[in-house]
Amino acid sequence: MDTTTPDARARSLREIRDETVSTLASAGVPDPEVDADLLIGHVLGLSRGAVQARIVVGAEVGEADAAALASLVARRALREPLQHITGRAAFRNLDLQVGPGVFVPRPETEQVAQLAIDALASAAEPEPIGVDLGTGSGAIALALATEVPHARVWAVEKSPEAFVWTRRNVAEVAAPNLELVFGDLADALPELDGRVAVVVSNPPYVPLRDMPRDPEVRLHDPELALYGGADGLDVVRVLSRRALALLRPGGALVIEHGEEQSAAIAEILAADGWRAIAHHRDLTTRDRATSAVR
C-alpha cells in the first residue's frame, strides 16, 4: 500500500520561480531570470533546462525545499555572488569550486584562455610548456591542461586564501599534466626559464581609483586579485619581465586587461622588447586581451 502523503504546503514551482525573479530584479541583480533558475536548480539538484521543464508540467516544490531556496534568494538579493552561494563556477568545459578569497572566473576570460590554448596547441613541440601566472581558481591553467593534453602546464598562485580553492580544483579535475606551485609570479619557476611556449595571465588590473560598481565584485572579490596599483598596470610590468625570461624564442604571452588599457600595455611590452603585439576584443567588442611574441 502507498503510505506516502502529499505535502499540503507544497507550492507551484512556477509561482516560486516568478517570486524569485521579482525579488532578484527588485534588488538590481543582473539577469534575474537566469539566477532564479540556477538557484532553484541548485536546491532541487536540476539543470536549468530541467527546471524549466518542471515548470511546464506544473511541478510543485515542498516546504523544506522552498525554505532552503528562500534563504539562498535572500543572500543573492544582498548581492552575494551566485557562485559563492552555489559554491561552483562554470568555465569552458570545467565546473570549478569557488568561494570567498578567490576571484570568480568571468565568461570573458574564456576567450582569453582560448588565445592561450590556440598558441599552446600550435607549438611545434611534442610537450609544449604552458604557464598560468596568478592562476586564482586555476581556471585558465586547468583549461590549458585539459584542452591541450599533450602539453605540460604549471599554475602559480601566491594568495593563501585563493590557493585553498586552486588546490581543490586541481585535485578535483586531476589533470595529470598540470603542476601547481605556491609562489609569486615575479620570480616563479626559474627552472623553466627559456623553455616555455606560452605564458598567460589574468592579473589584477583595476586602478586603485576605479572601484568596481557591481557589489558582487566590490564587496566580495579579493582586493589582491582586483587592484593593480595607481594605473592598474603594476603587476603587468612585473609580468612582462618575468614572461620574457620564461619564454623560449617565439613563445607567446597572453594578458587579460581592462578595455582602456591596450595602448598603455602595448607601450610597456614594446619597451621591454616584445614583438608582434596585438589586441583582442571580447564578444562585446571591448579590448580584453593583448598578446605578444618573445
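**Figure 1. Accessible surface of the predicted protein chain.** The accessible surface comes to about 13,900 Å², computed by the Shrake-Rupley method with a 1.4 Å probe. Carbon and sulfur atoms account for 53% of this surface. Of the 294 residues in the protein chain, 49% are buried, that is, under 20% relative accessible area (1.4 Å probe, protein chains only). This is a predicted model, in which local features need pLDDT of at least 70, side-chain atom pairs count only at pLDDT 80 or more, and totals for chains, interfaces and linings use all residues. Residues are numbered from 1 along each chain as its sequence is written, and side-chain values use heavy atoms, with hydrogens and water left out.

**Figure 2. Two domains of the protein chain.** Domain 1 covers 11-78 and domain 2 covers 88-293, with bounds from an automatic or database domain assignment. Their C-alpha centres are 34 Å apart. Along the principal axes, the C-alpha atoms of the protein chain fill a box of roughly 75 × 45 × 35 Å.

**Figure 3. Residues 15-87, a UniProt feature.** The unreviewed UniProt entry names this stretch "domain: Release factor glutamine methyltransferase N-terminal"; such annotations may be inferred rather than shown by experiment. Residues 15-87 are 74% helix and 3% strand, and their end C-alpha atoms lie 26 Å apart.

**Figure 4. Helices, strands and contacts of the protein chain.** The protein chain contains 12 helices and 11 strands, taken as DSSP runs (helices H or I, at least four residues; strands E, at least two). Of the contacts (heavy atoms within 4.5 Å) between residues at least 6 apart in sequence, 68% join residues at least 24 apart.

Technical notes
Buried < 20%, exposed > 50% of the residue type's maximum accessible area, 1.4 Å probe, protein only.
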